[in-house]
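Subject: Structure handover and findings

Dear colleague,

Please find below the structure that I am handing over to you.

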Amino acid sequence: MEQICVVTTVVDARSVADLLAAAAVAGRLAACAQVGGQVDSTYWWRSGVETSTEWSVQFKTAPDRAEALVDQVRSGHPYEVPEILLSRVECGDPAYAAWVHEQTRP
């Protein structure tokens, strides 16, 4: 099976999520990006527990484009310490993996 990479992050506004998604796809760093609905996050920040509403963004990319995608997400992210997770996953459909690879060519 072919591998693809999934990069995920969360941001504090739907408009920011949409911008990150559009920039990654337009720049051919991601084949697609999905903005998920609101999620409530609870976390430690500056010696206290915080709760906020966030939007998730999930990007699909080729393994050789993952580092550049992470760099772009980090540079456009509004958080001081953004959550940016990278997972390498086995793709169950070789045609989808090929499509992801094709769409992430500069």
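The buried residues of helix 2 (residues 66–76) are Ala66, Leu69, Val70 and Val73. Here, buried means under 20% relative accessible area, exposed means over 50%, and partly exposed lies in between (1.4 Å probe, protein chains only). Helices (H or I, at least four residues) and strands (E, at least two) are DSSP runs, numbered from the N terminus. Seen down the helix axis, the buried residues of helix 2 fall within an arc of 100 degrees, so they line one face of the helix; the arc is that of the directions from the helix axis to the C-beta atoms. Glu67 and Ser75, on the other side of helix 2, are exposed. The cover over the buried residues of helix 2 includes strand 1 (2–11), helix 1 (14–26), strand 3 (48–61) and strand 4 (84–91).

Please note that this is a predicted model, in which local features need pLDDT of at least 70 and side-chain atom pairs count only at pLDDT 80 or more, while totals for chains, interfaces and linings use all residues. Residues are numbered from 1 along each chain as its sequence is written, and side-chain values use heavy atoms, with hydrogens and water left out.

**Nonpolar cores**

A nonpolar core is a set of buried Ala, Val, Leu, Ile, Met, Phe, Trp, Tyr and Cys residues joined through side-chain atoms within 4.5 Å. Which residues touch the most other members of the largest nonpolar core? Of its 15 residues, they are Val7, Phe59 and Leu69. Strand 1, helix 1, strand 3 and helix 2 each supply at least two residues of this core, and the largest share, 4 residues, comes from helix 1. Another core, of 5 residues, lies apart from it and has Ile4, Ala31, Ala97 and Val100 among them.

Contact means heavy atoms within 4.5 Å. Leaving aside neighbours within four places in sequence, Phe59 is in contact with residues including Cys5, Val7, Leu20, Leu69 and Val73.

**Two leucines**

Leu29 lies in the loop between helix 1 and strand 2. Is Leu29 buried or exposed? Leu29 counts as buried because its relative accessibility is 8%. The C-alpha atoms of Leu29 and Phe59 are separated by 8.9 Å, and the two residues are 30 residues apart along the chain. Beyond its neighbours within four places in sequence, Leu29 is in contact with several residues, among them Ala24, Thr61 and Leu69.

Leu86 is in strand 4 and, at 42% relative accessibility, counts as partly exposed. With neighbours within four places in sequence left aside, Leu86 is in contact with Cys5, Val6, Val7 and Ala66.

**The loop between strand 2 and strand 3**

Arg46 is in the loop between strand 2 and strand 3, and Ser47 is found in that loop too. Arg46 has a positive phi of about 50 degrees although it is not a glycine. For Ser47, which is not a glycine either, phi is positive at about 70 degrees. Arg46 counts as exposed at 60% relative accessibility, and Ser47 counts as exposed at 78%.

Yours sincerely
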